[in-house]
Amino acid sequence: MSGFVKRRRALNIKGTRLSVHTGQPITSLGNPSLDHVFGGGFPIGSIIGIGEDKHGSYARVLSKYFLAEGIVNKHPLLLGTMEEDPTQLIEKLPTPIEGNAASSESSTDQEPETMRIAFRYNQLAPVDSEQKSSTALGHYFDLTKTISSTTLLGHDITHWNGDEVLVNDGGFVGSFKNPQYASLLYSIHRKASEQQFNSASDETSKNVLRICLNSIGSPSWYDRNFSDDFLRFIVLLKAIVRNTLSVCLITVPFHLFNHLDDIQLCRKVRNLFDFSFELEAFAGQQEEQTNPVFKEYHGLLNITKIAPFNSLAPFHPKTRDLAFKLKRSKFVIEKLHLPPDIADDDSAAKHSAPTLGCASSGMKSKLDF
């Protein structure tokens with residue numbers, strides 16, 4: 001038997017490239033520092049789950065990045081949420097930063113401070129705390145500016161807010177007690193099928209469908225069969241995303257699941273995701289806010305799952321001690337570093353210990369007589 005294997009032709013889609021770790025096509029979530037944590041990007045056909053912070057504000061920023069990256073790369077978008085008007089969220093997407101401006105901004109952020117005490121360490125290279133990569137796939141965005149309405153009008157965007165009435169159920173209605181799951185799943189299946197049909201008819205029209213689902217599992221979805229319907233929804237969603245040129249970002253308020261009867265629901269949901277992480281914000285936590293270790297950050301990023309997606313072994317990040325902070329114009333993920341303990345040294349110096357010398361120095365020595 002011949003040992004030669006026909007090499008597959010790589011997908012030539014804007015906003016994607018082959019992973020240096022697995023060789024499969026990946027795309028950016030919209031934040032290069034987050035992409036770097038997970039190996040440079042996320043594979044096409046994967047589901048990324050985000051455990052929301054208690055107020056949901058930071059998870060919402062990452063959703064904006066995900067959608068804005070699709071606008072820049074001209075990927076069709078599908079946004080589904082029952083917590084707010086999807087059109088208002090689309091109108092608040094950040095605008096991309098030009099290449100020169102992004103590089104200059106990152107260089108100014110990384111400019112080291114001059115050390116006054118350990119001045120000899122000034123000659124050493126500074127620690128690159130921000131998660132970066134020389135082969136960054138995504139773009140940088142300015143959160144203080146929004147994409148123009150003319151750009152949004154010419155883009156393929158599908159909204160779902162739960163008001164759609166199913167004329168053709170697509171076979172999903174009988175699978176759920178809550179009809180909202182069937183409605184959302186049918187919208188995703190219909191949009192993904194359109195993309196597959198266009199790709200099959202014309203090779204040059206291949207594109208990635210970006211699916212963004214915000215706060216799935218919030219109280220708006222609760223009923224008696226919430227746990228069963230929610231797990232069944234993710235299983236069917238995973239089958240659709242896996243068999244099409246799609247990538248899905250879903251945010252889930254895991255902190256609200258503690259009040260449900262199914263105490264294992266969080267673990268079951270995370271197991272169904274391909275990649276998942278949680279945002280633990282410090283807002284409202286007195287101990288973390290007063291701790292000097294966390295004074296520069298707004299919260300911690302806890303990686304909960306990295307699946308071996310179409311590979312034998314998963315990607316292992318260099319560190320899992322990660323923190324995030326929301327600056328005026330961008331959301332940054334950094335390695336968690338301990339600050340120098342200079343304050344304790346200064347306070348200890350104020351309480352001078354008795355000297356061992358015989359000379360008079362204004363303080364009484366143990367050997368004075």
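User: Which residue does Lys268 meet in a salt bridge?
Analyst: This is a predicted model, where local features need pLDDT of at least 70, side-chain atom pairs count only at pLDDT 80 or more, and totals for chains, interfaces and linings use all residues. Residues are numbered from 1 along each chain as its sequence is written, and side-chain values use heavy atoms, with hydrogens and water left out. A salt bridge here needs a side-chain nitrogen of Lys or Arg within 4 Å of a carboxyl oxygen of Asp or Glu. At 3.4 Å, N to O, the partner of Lys268 is Asp262.

User: How many salt bridges does that rule give?
Analyst: One of them joins Arg270 and Glu278 at 2.3 Å, N to O. Another pairs Asp274 with Lys238, with the closest N and O atoms 3.7 Å apart. The count comes to nine.

User: Is Asp274 buried or exposed?
Analyst: Buried is under 20% relative accessible area, exposed is over 50%, and partly exposed lies in between (1.4 Å probe, protein chains only). Arg270, at 22%, counts as partly exposed. Asp274 has a relative accessible area of 3%, so the call is buried.

User: What residues have the most contacts inside the largest nonpolar core?
Analyst: Such a core is a set of buried Ala, Val, Leu, Ile, Met, Phe, Trp, Tyr and Cys residues joined through side-chain atoms within 4.5 Å. The largest one has 44 residues. Those with the most contacts inside it are Phe38, Leu67, Phe277, Leu279 and Leu301.
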